[in-house]
Amino acid sequence: MQKLVWVTSWDRVCGIADYSKVLWPKISAHLKEKGIEPYLVSLDEFPDAQSLLSRLKDLSPDLIHFQHEYGLYGGKNPPKYWFPRLVRQVRQALPSTRLIATAHTILPIDYRFPVEGRSWQIPVRALANLVLLPQLRKIWNHYTWGPLDRVIVHSSLQVGTVKTSGLKSVQSIPHFVPEWKELPSAPPSKTKRVLVFGFFTREKGQDVAIRAIASLKAIDVDSKVQLILAGGSRRAIDRLYQQHCEELISSLGLKDRIQITGFVPNDQVDEQFQKADLVLVPFRETSGSGSLVQAFARGKPVLASDLPLNREIEERQKGALAFFQSENAKDCALKMRALLSDETALQRLRESGSSYAKNYSSDKTALAHLQFYLD
């Protein structure tokens, strides 16, 4: 192999750009050591299939590695979603080039458009579930992964789903933990601060955290727990969800206990984590989130919903996470209360999370990619 191209978002405010900006410099350095020319192609410069195809033909690499998130290639739903068409065109133009992708989101083979809390979209989504899903599932899975040579996923639990596309070569490389940061201790306070970090989406479950604070208040009216929702919203549907969360805070009488920061610039992320006594990850769904590992990178204890991919983190490193029953606000409140009153338990979580950070660093992840390319 003489030339490798990474295709990714670079300038957008999104998790894929953040992921790439950490990992790509390390990978490209390893490639150069092996005498392989690394090239980065930004989807922000080549935002449609035709312009991207033209650039890839000009480079004529031995291997193309796509960072894949459905929204990066026009949108999740056809006709806007053009990734399968791009792959067909690249195959025709560059028949000897190997094509691989990192699948940052895997849609399960029984995926359905969620309807709960979707306002005016509910009847449209219900109709799509009834009429369109059989063909859409083929596009999202069979036509997305099947024509590639290899795929990287973030969890071994996702391997089987990708293989239903007919692709046999699928490898799990967990999401890396960012560089370790030793944060200064926050000033002592009687108020315990719980942080939910990340963009507002229903999948991330900020409303579950809000209802957990309401349950905690009902259990212990004198509790001194403040919830910080550190993040903003990107899509129109996410802005509607954030508005719902704001209305929920008001209706539950929690304005004095919950703060929404809005979008957090990179240079202010440490400040948000520094304040936190506990990081809460109340996801309804996950494909291997970058926001969770941000807590490990800063030595913070984490309470997470008991989704299979979160459980898998615990299997990799015993004691790295504490769990509550997914979407169960009362159970979340009880687990928060128990942890915040037990410094020994919090310290165990910090230590195990720190061990996970070292075992799944960006350096080790970059080396795993190099081996993947050379296999």
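**Exercise 1.** Which element gives the most to the lining of the second largest cavity?

*Solution.* β10 gives the most, with three residues. Strands here are DSSP runs of E of at least two residues, and helices are runs of H or I of at least four, numbered from the N terminus. The elements that give two or more residues to this lining are β7 (192-197), β10 (278-281) and α10 (290-296).

The model is predicted: local features need pLDDT of at least 70 and side-chain atom pairs pLDDT 80 or more, while totals for chains, interfaces and linings use all residues. Residues are numbered from 1 along each chain, and side-chain values use heavy atoms, without hydrogens and water.

**Exercise 2.** State whether V293 is buried or exposed, then list its contacts.

*Solution.* Step 1: V293 is found in helix α10. Step 2: V293 counts as buried because its relative accessibility is 3%; buried means under 20% relative accessible area, exposed over 50%, partly exposed in between (1.4 Å probe, protein chains only). Step 3: leaving aside neighbours within four places in sequence, V293 is in contact (heavy atoms within 4.5 Å) with H175, F176, V177 and P178. Step 4: F199 is 94 residues from V293 in sequence, and their C-alpha atoms are 15 Å apart.

**Exercise 3.** Identify the members of the largest nonpolar core that touch the most other members.

*Solution.* Step 1: a nonpolar core is a set of buried Ala, Val, Leu, Ile, Met, Phe, Trp, Tyr and Cys residues joined through side-chain atoms within 4.5 Å. Step 2: among the 43 residues of the largest core, these are V7, L52, F66, Y73 and W145. Step 3: a second, separate core has 32 residues, including A209 and Y241.
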